[in-house]
Amino acid sequence: MSAEIERILAAFDQFDTIIIHRHINPDPDAIGSQTGLALLLRAAYPQKTVYTAGPAAPDLAWIGPQQDVPAAAYKDALVVVIDTANRSRIAGTHFDQGAMLIKIDHHLNEDQLGAISWVDTNASSASEMVWELVQHSKRLILNQPAAAALYAGMIGDTGRFLYDLTTARTHLAAADLLATGIDAPAIGRREDQFPENVGRLIGWALEHVKITANGAGSLLITQKVLQQFGLAYGEEQRAVGNIGKLASIDRWVVFTERQDGKYRVELRGKTKEINTLAVRHGGGGHPLASGAVADDLAEVQAITQELAQQ
């Protein structure tokens with residue numbers, strides 16, 4: 001057992017209130033790891049109060065709900081920030097006002113957070129790291145609801161076990177989760193399906209993505225396009241992974257215009273690492289999957305050119 005894991009488990013014993021934060025614009029692993037950890041803690045410590053903090057995430061509410069946490073709850077609380085590399089990407093407020101802060105993450109350690117920081121860049125997902133906590137704890141015991149949330153997070157961040165960070169340990173974790181009796185096919189179907197308007201956007205995206213001769217893809221989704229397909233901001237994310245299924249692309253970026261005029265940046269790579277490009281523009285993430293925010297179209301163009309030159 002690592003010293004960080006030992007200290008994290010001791011902190012769970014110590015505090016009566018535990019508040020778990022995840023990153024903004026959540027994906028299945030953010031919600032899955034947050035929810036899975038909360039469910040494990042509630043089962044292990046029924047006398048404690050455990051919150052899952054952050055704005056509502058309607059598309060992922062089937063994995064687990066988000067809660068509005070009163071500011072007063074932070075006074076003597078343990079705060080856990082999970083699946084989040086940067087302070088600026090933490091969803092929810094008051095996360096720095098607890099009695100102790102813990103960071104659990106599998107991204108590059110770009111922002112030092114908390115009295116305890118457990119960062120494992122070899123883990124496939126934060127959900128896998130929560131499973132790892134269970135392996136070293138006498139109190140945390142896998143139950144079916146927690147396993148379902150963790151499995152949703154794990155298959156989300158591994159692309160159904162297709163991505164490079166999928167290891168033998170990832171499959172051991174998945175086997176443990178399945179052994180609780182969860183309906184893995186149903187979880188996979190739920191995560192893979194999308195409404196008709198998202199499907200139409202994906203078709204539009206495949207038609208409009210620009211691809212350079214050396215395999216760099218780029219796509220700009222404006223507010224006008226979102227309105228054309230009747231999409232809320234965030235729903236367009238389903239197009240990001242589908243663009244990468246084109247054989248002619250080995251790295252790509254999707255820009256989505258926000259209502260404030262800035263642009264959400266999603267960078268992906270099949271073999272070429274793109275996280276350093278994200279970091280140069282104030283973002284971060286995994287070597288092959290990162291994000292950032294572009295201030296204007298000039299920065300959009302700069303990121304597109306830098307990606308093409310890699």
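## Report on a predicted protein model

In the protein, residues 24 or more positions apart make up 62% of the contacts with a separation of 6 or more, a contact being heavy atoms within 4.5 Å. This is a predicted model, in which local features need pLDDT of at least 70, side-chain atom pairs count only at pLDDT 80 or more, and totals for chains, interfaces and linings use all residues. Residues are numbered from 1 along each chain as its sequence is written, and side-chain values use heavy atoms, with hydrogens and water left out.

The protein has 11 helices and 11 strands; these are DSSP runs numbered from the N terminus, with at least four residues (H or I) for a helix and at least two (E) for a strand. Of its 310 residues, 52% count as buried, meaning under 20% relative accessible area with a 1.4 Å probe, protein chains only.

| Property of the protein | Value |
|---|---|
| Box filled by C-alpha atoms, along the principal axes | roughly 55 × 40 × 35 Å |
| Accessible surface (Shrake-Rupley, 1.4 Å probe) | about 13,700 Å² |
| Share of that surface from carbon and sulfur atoms | 51% |

Helix H2 covers residues 28-44. At 1.5 Å a residue, its 17 residues should span 24 Å, and its end C-alpha atoms are 24 Å apart, which agrees; the expected span is 1.5 Å times one less than the number of residues. Because 14 of the 17 residues are buried, H2 is largely enclosed by the rest of the structure.

Gln 223 lies in helix H8 (residues 223-228). Gln 223 counts as buried, at 16% relative accessibility. Apart from neighbours within four places in sequence, Gln 223 is in contact with Glu 257, Arg 258 and Gln 259.

Technical notes: Buried < 20%, exposed > 50% of the residue type's maximum accessible area, 1.4 Å probe, protein only.
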